[in-house]
Amino acid sequence: MSRPCAGPHAGPMTTANPAAVQVSGLTKTYGAGVTALDDVDVTFPRHRFTAIMGPSGSGKSTLMHCAAGLDRPTRGTVLVGDTDITTWSDDQLTRLRRDRIGFVFQAFNLLPTLSALENITLPFDLAGRPVDQDVVDRVVDTIGLRERLSHRPAELSGGQQQRVACARALVTGPEVVFADEPTGALDSRASAELLGFLRRGVDELGQTVVLVTHDPAAAAFADQVLFLADGRLVGSLQQPTAATVLDRMKSLELTTVRSGGTR
Ligand SMILES: Nc1ncnc2c1ncn2[C@@H]1O[C@H](COP(=O)(O)OP(=O)(O)OP(=O)(O)O)[C@@H](O)[C@H]1O
């Protein structure tokens, strides 16, 4: 599969760092007893699709939230491009999330009173930027919902709504798109369509995607899979298939049970 160096709206390319996001020594503790992340080093390369997998409670969402500036680590650093966001204020993190990062969550989070198109172009409005019609057209064609653009979310299927949410995340050309269980509420066909759309975002638009998932078939759309267990990075897989991911997951779950887990 061909991999572009940089897509037509691949986001600002002002940094020398080949990683879209890089975390080092990332540790997150809650209260006295819970270590959600324990000294994790992870790189999310630019223009690549990375999946994060691991047993329930292994720290996947915590890693994503810290890497995206949604949560603060207890220790360690988070570089977005060349920028260390660890010491940033809440206002700076809010601007970072608005201007440089795209999000897709399991609950589609569309605004019910806006049409599909208005939802897709909302990030331009929020940032006070003019709508880039060429990019909107490309993204709309990629998701294949042109004839539904005037519909409100309630008039769309779950899969269509999630494609609108993905288009909204991609349309400003963010430096990275974080997708947390985006197929959790979709059937297998809608899931495959949605993941294919994210894949095309990487291959054809030069995007960087980070996907948190429990589903080996979803992880197989990625270029690499990172495995977490008990808050630690315990392995990775390049060019995964559903079968190789499943094998690795099984061995990780056995490891966790045998060691008794840490939490
Ligand atoms: N706000 C919080 N307060 C206390 N503990 C938390 C909090 N958020 C997460 N945790 C704990 O941190 C650990 C990691 O949670 P996290 O949600 O990152 O795991 P996960 O791998 O995403 O799990 P799942 O697959 O079930 O969504 C868990 O033990 C969880 O109970």
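These are legends for a set of close-up views of one predicted model.

Residue numbers start from 1 along each chain as its sequence is written. Since this is a predicted model, local features need pLDDT of at least 70 and side-chain atom pairs count only at pLDDT 80 or more, while totals for chains, interfaces and linings use all residues.

**View 1**
The chain has eight helices and 10 strands; helices (H or I, at least four residues) and strands (E, at least two) are DSSP runs, numbered from the N terminus. Of the 263 residues, 43% are buried. Here, buried means that 20 or more other C-beta atoms lie within 10 Å of a residue's own, exposed means 12 or fewer, and partly exposed is in between, with C-beta atoms placed from the backbone. Take the contacts between residues at least 6 apart in sequence: 72% of them join residues at least 24 apart. Two residues are in contact, or touch, if their C-beta atoms, placed from the backbone, lie within 7 Å.

**View 2**
Strands pair if DSSP finds at least two bridges between them. Zoom in on strand 3 (residues 49-53) and strand 8 (residues 209-212): they run parallel, joined by four bridges. Phe49 has Val209 as its bridge partner in strand 8.

Leaving out residues up to four places away in sequence, Ile52 touches Lys60, Leu63, Met64, Val210, Val212, Leu226 and Leu228.

**View 1. The hairpin of strands 1 and 2.**
Strand 1 (residues 19-30) and strand 2 run antiparallel, with eight bridges joining them. Val23 stands opposite Val42 in strand 2. Three residues lie between the two strands of this hairpin, and Gly31 in the turn has a positive phi of about 60 degrees. Asp39, in strand 2, also has a positive phi of about 60 degrees, although it is not a glycine. Asp39 counts as partly exposed because it has 14 C-beta neighbours inside 10 Å.

**View 2. The shell around the ligand.**
The ligand is surrounded by 12 residues, the closest being Tyr30, Ala36, Ser56, Ser61 and Thr62. Helix 1 gives the most, with three residues.

Ala116, Asn119, Ile120 and Thr121 are the buried residues of helix 3 (residues 116-127), and they pack against helix 4 (133-143) and helix 5. Just after helix 3, Gly128 takes a positive phi of about 65 degrees. Val171 sits in the loop between helix 5 (158-170) and strand 7 (176-180). Val171 counts as buried because 23 other C-beta atoms lie within 10 Å. Not counting residues up to four places away in sequence, Val171 touches Ile120, Thr121, Pro123, Val135, Val136 and Val139.

Asp230 is in the loop between strand 9 (224-229) and strand 10. Asp230 is not a glycine, yet it has a positive phi of about 50 degrees. Its 22 C-beta neighbours inside 10 Å are why Asp230 counts as buried. Val234 lies in strand 10 and is partly exposed, with 17 other C-beta atoms within 10 Å. Setting aside neighbours within four places in sequence, Val234 is in contact with Phe227, Leu228, Ala229 and Leu252.

Conventions:
Near = placed C-beta within 6 Å.
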